[in-house]
Amino acid sequence: MVSNQDKKDAEIYKKTAIEGMDLMFLVRIEGVGTRHDIGLPYHVTIMLFDEKNDKPEDAHKIATRLCLNPPNAKKTRIEFGTMQGRSGYTIYNINLMGPEADKIEKLYNEFSDMGFDNNYKFQAHISVDKKTFDEMQKYDGKTAFEAGIEFFPAELRMGKKIVASYKPTKPIEWGSEYPEEDKLHASENLDVATFKEALLMSIEIHKDHLKAVSFNEDTFKNYLQDNPDLKKHLLVKHEERANYHFRNDLSLLTFALENGIRKTYELLRKK
Amino acid sequence: MQIKPEDIDRVEEAGTLNGDIVKLIRTTGGWWIGIGKKRKQGSPEALAAGSHPAIVKFNMEKQFPEFQPVMMKSEDHLESTVEKHSHFLTEDLRKSGHDIFSIQTGNEVEFHVTKHNAQVALVTGFVDGEHLTIETLKIPKELTKSLAGASVEKAISIKAGLKMRR
């Protein structure tokens, strides 16, 4: 049962989360990407940074060299527990156990010089609202897959703002595992039309590359391969645009990141 | 790679990298090698190599953003402009180490097709008024399409039309 205290605690948690800087894997529970009570995305925190002392560019620098593939839901067991937030409020958690959770702890340890000073023993978890916490208890000891939990690629967020994505978000087939080599590969999956769209939208910066818009698909792919900085800029531009258009809907954002903004609107029109 | 003094035809200054001089060595075999220090405390080593000094400089500029090419002092000596057109090559050719560069020096334009930096084909042309005129097309068949793309791209970049000499 959800008490008034639970609601108050959730609001404090929300305020803390909105102000914080967090490297996280996004999560869906039974197809839902956000908490029912406070509207924040479900996630597994890899590292909660001290936004006053830690710079996002430093966090990003470390994150880019890490293997940030999302956990495999079939290899992750879940347990339930509560913890105290930094100002004493109660957080309801689905704790992740097993080798995939150990991997997340190793990622956390990579940021040992950052974050808050505390005696916190890292435990990978998904914070959920009390109602979901109660309803999910039946899956205690089962795998995340059995509980309908899906994990998605990592993002560095400052409050609601996505500062960096470590892989374009790509929905995985139900229960399947992200292949290790897929970490960088997904960005290659963006079609040429989407890259060209991003190029046209930032042509003021890339005047010299305007000619590439007229290239056929193979030539354009080669051109991006030969101009990796351009490719990076276009990916960032594409992600910025996708976030601008679909930031309030994780599933649309996911689709837009993978398939382009135009196709996402086409899909919406068809619906 | 070891270069003996007797292998060196001549040495030119190519520019500076992190404040240290980078030299261009032409071997007696016609090979150009850019020699410099990658790190301030390091020893001089080969930074890039190729069959044309302008391509070597171009590759050093791409590989080492801090590289500052030296400007030619002599008024008689024209600077070359290098453009890479390798995106027009087929996947097979790219995988096998081929590249296409255009080198424009004054009104003369050369298209160099290289394989692992060694020249495998050369097409020459010149800029005459409003046109880039291609003089020769004695090239392997598999390169025709790629060179057509390269020559069109070059013509567009200098805002000229494209002609073939009959």
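Predicted model: local features only at pLDDT ≥ 70, side-chain atom pairs only at ≥ 80, totals over all residues.
View 1. Helices (H or I, at least four residues) and strands (E, at least two) are DSSP runs numbered from the N terminus.

**View 2. The open sheet of chain B.** The order of its 6 strands is β6-β7-β8-β9-β10-β11 (chain B), with mixed pairing; two strands pair if DSSP finds at least two bridges between them. β6 (80-84) and β11 (161-164) of chain B are the edge strands, each pairing on one side only. On average, neighbouring strands of this sheet are turned by 25° against each other, direction ignored.

**View 3. Strands β8 and β9 of chain B.** Strand β8 (residues 108-115) and strand β9 (residues 118-128) of chain B run antiparallel and are joined by 8 bridges. Opposite Lys115(B) stands Ala118(B) in β9(B).

**View 4. Chain A.** Chain A has 10 helices and 7 strands. Of its 271 residues, 51% are buried (under 20% relative accessible area, 1.4 Å probe, protein chains only).

**Notes.** Residues are numbered from 1 along each chain as its sequence is written, and chains are lettered from A in the order in which they are written. Local features need pLDDT of at least 70, side-chain atom pairs count only at pLDDT 80 or more, and totals for chains, interfaces and linings use all residues, while side-chain values use heavy atoms, without hydrogens and water.

Terms used:
Axes fitted to C-alpha atoms, helices over the stretch in contact; angles between N-to-C directions. Buried < 20%, exposed > 50% of the residue type's maximum accessible area, 1.4 Å probe, protein only.
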